[in-house]
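The chain comes up next.

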Amino acid sequence: MKRNGEVVKSFKEMALDWKVPYPTNRYCNPGVLEPSKIEHHQHCVPSNLCKIIWTLTECHGVVPPQPYYEACVAGGCSEEQPSTECQSMQTYAALCGLQGVCVDWRSLASGQCEASCPQDQVYKPCGEAKRNTCFSRGVVMDTLPSQNSTSVFVEGCYCPDGKILLNDHDGICVSVCGCTAQDGSVKQPREAWEHDCQYCTCDEGTLNISCFPRPCAKSPPLNCTKEGFVRKTKPRLEDPCCTETVCECDIKTCIINKTGCDLGFQPVVAMSEDGCCPIFSCIPKGVCVSEGVEFKPGAMVPKSSCENCVCMDEQDPVTQTNRIQCLPVQCQTTCQQGFRYVEEKGQCCSQCQQVACVANFPFGNVTIEVGKSYKDPYDNCTQYTCTETAGQFSLTSTIKVCLPFEEANCVPGTVEVSSDGCCKTCIDLPHKCKRNVKEQYIVHGNCKSAAPVPVPFCEGMCSTYSVYSFETSEMEHKCTCCHEKRSHKVKVELVCLDHKTVQFTYMYVDECGCVETKCPKRIA
């Protein structure tokens with residue numbers, strides 16, 4: 001039978017007519033007649049959940065299990081989420097229940113297909129298809145018609161034993177049928193209660209609620225004579241459901257004369273004794289007033305540049321504002337290092353002006369006058385100079401840079417220190433050791449660089465001498481060789497005969513010079 005009551009022979013046509021939307025199954029959405037593609041999973045391993053169908057042997061005689069087992073396996077192997085295995089099992093169990101066979105398959109599913117029920121209901125795998133409510137008592141309502149007397153079992157959420165559904169829509173289970181009150185609670189038949197200032201009762205026959213307003217006593221006549229008071233109707237404190245007339249202050253009805261206060265005073269409001277209207281007056285703020293400005297006690301008050309004036313806590317009895325106390329300014333004539341106190345005409349106090357630079361050293365500060373220099377006592381190559389431009393003093397440091405010095409390249413006895421003690425000088429030994437670069441292919445085994453690479457090398461002569469030493473009473477020999485002083489490793493790619501490439505590392509000379517070495521002993 002279709003929704004409109006039409007009886008049709010096609011089970012498929014009837015089923016599609018009763019289709020409703022379901023969020024996890026797109027085939028239940030309106031407009032989708034049937035799955036456009038059914039995927040077959042030949043190599044899918046059936047889950048233990050689907051295998052439960054084969055344990056329900058009591059139902060196999062009335063509902064063949066094979067089609068539902070295959071649907072369960074296909075649902076479990078499908079990429080659609082969530083899996084439809086539980087739906088397949090639920091469908092098979094429902095068909096068994098329609099044939100009067102009770103199967104409790106969820107207890108065998110190890111919690112994979114748990115059923116959830118409202119708080120006051122319990123799950124039953126084989127409940128009755130007939131569901132009575134308080135409004136259908138004594139009337140048998142078969143949810144599924146049957147042509148014979150075979151029992152029909154339906155799984156679902158039921159009221160616990162000894163309770164019955166209150167109605168068809170709330171899902172509330174009650175021990176005794178009654179009325180559903182405004183707050184959702186269940187009232188017993190003939191029970192009376194008060195709600196929203198009404199008396200309500202539960203009708204025993206119809207289980208309907210009837211309410212009527214609660215009666216209230218009338219308030220006596222009232223006249224409001226005090227200034228600012230008016231009559232108002234408001235809920236009673238002891239009984240908010242009933243109202244009473246009271247005299248209440250309404251400031252909007254008052255005639256208010258606001259008074260402007262002078263500087264140093266503030267308005268205050270007081271209530272009249274015979275009413276509720278405000279009365280304004282001015283009282284002192286407890287501040288000082290000078291040149292149209294208010295000052296709090298303890299604040300400095302600007303007066304003469306040669307006086308320090310402070311607002312006091314004492315009140316002047318004549319003006320009713322606080323007194324102002326002034327004292328002569330005490331000038332600060334002590335200046336920090338590098339500054340000097342310079343008096344200026346027309347000023348009560350002058351300022352310290354900078355006259356020199358101050359250099360900070362670990363042993364203390366040193367004053368350096370403009371145009372003069374000071375040498376760092378711990379560094380002969382550093383000198384500090386003080387300059388002044390447009391009143392701005394600058395302390396600059398000059399660091400003398402010495403030329404590279406290698407005592408091995410000096411003629412013995414010619415090493416001297418400059419007059420400022422910063423640099424060493426000497427007479428150089430005659431030599432021509434220098435760094436040259438040649439381009440060449442690098443060959444290693446059967447591999448060779450693709451192009452010539454730069455290969456620096458040291459070349460030249462260095463001085464060697466012999467001189468008699470009066471200290472050791474023997475000849476002193478000195479030998480120097482043209483040698484690399486600084487170098488680093490460089491990688492280059494070599495190509496082999498089999499067209500493979502390998503990495504080769506060689507030393508790249510950065511600097512050459514004469515380096516002292518041990519002279520060979522003379523053979524007698």
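C481 is partly exposed, with a relative accessible area of 37%; buried means under 20%, exposed over 50% and partly exposed in between, using a 1.4 Å probe and protein chains only. The model is predicted, so local features need pLDDT of at least 70 and side-chain atom pairs pLDDT 80 or more, while totals for chains, interfaces and linings use all residues. Residues are numbered from 1 along each chain as its sequence is written, and side-chain values use heavy atoms, leaving out hydrogens and water.

**Disulfides**

Taking a disulfide as a pair of cysteine sulfur atoms within 2.5 Å, the count comes to 26 disulfides. Among them are these:

| Pair | S to S distance |
|---|---|
| C86 and C113 | 1.9 Å |
| C216 and C242 | 1.8 Å |
| C381 and C422 | 1.8 Å |

The torsion about the S-S bond of C216 and C242 is about -80°, so this link is left-handed. C216 is partly exposed at 38% relative accessibility, whereas C242 is buried at 3%. The link of C381 and C422 is right-handed, with 105° about the S-S bond. C381 is buried at 18% relative accessible area, and C422 is buried at 16%.

**A three-stranded sheet**

Strands here are DSSP runs of E of at least two residues, numbered from the N terminus, and two strands pair if DSSP finds at least two bridges between them. An open sheet of three strands runs in the order β23-β24-β25 with antiparallel pairing. Because β23 (373-375) and β25 (392-399) each have a single partner strand, one side of each is left without a neighbour in the sheet. β23 pairs with β24 (residues 382-389) over three bridges, and K375 stands opposite Q383 in β24.

Technical notes: Helices (H or I, at least four residues) and strands (E, at least two) are DSSP runs, numbered from the N terminus.
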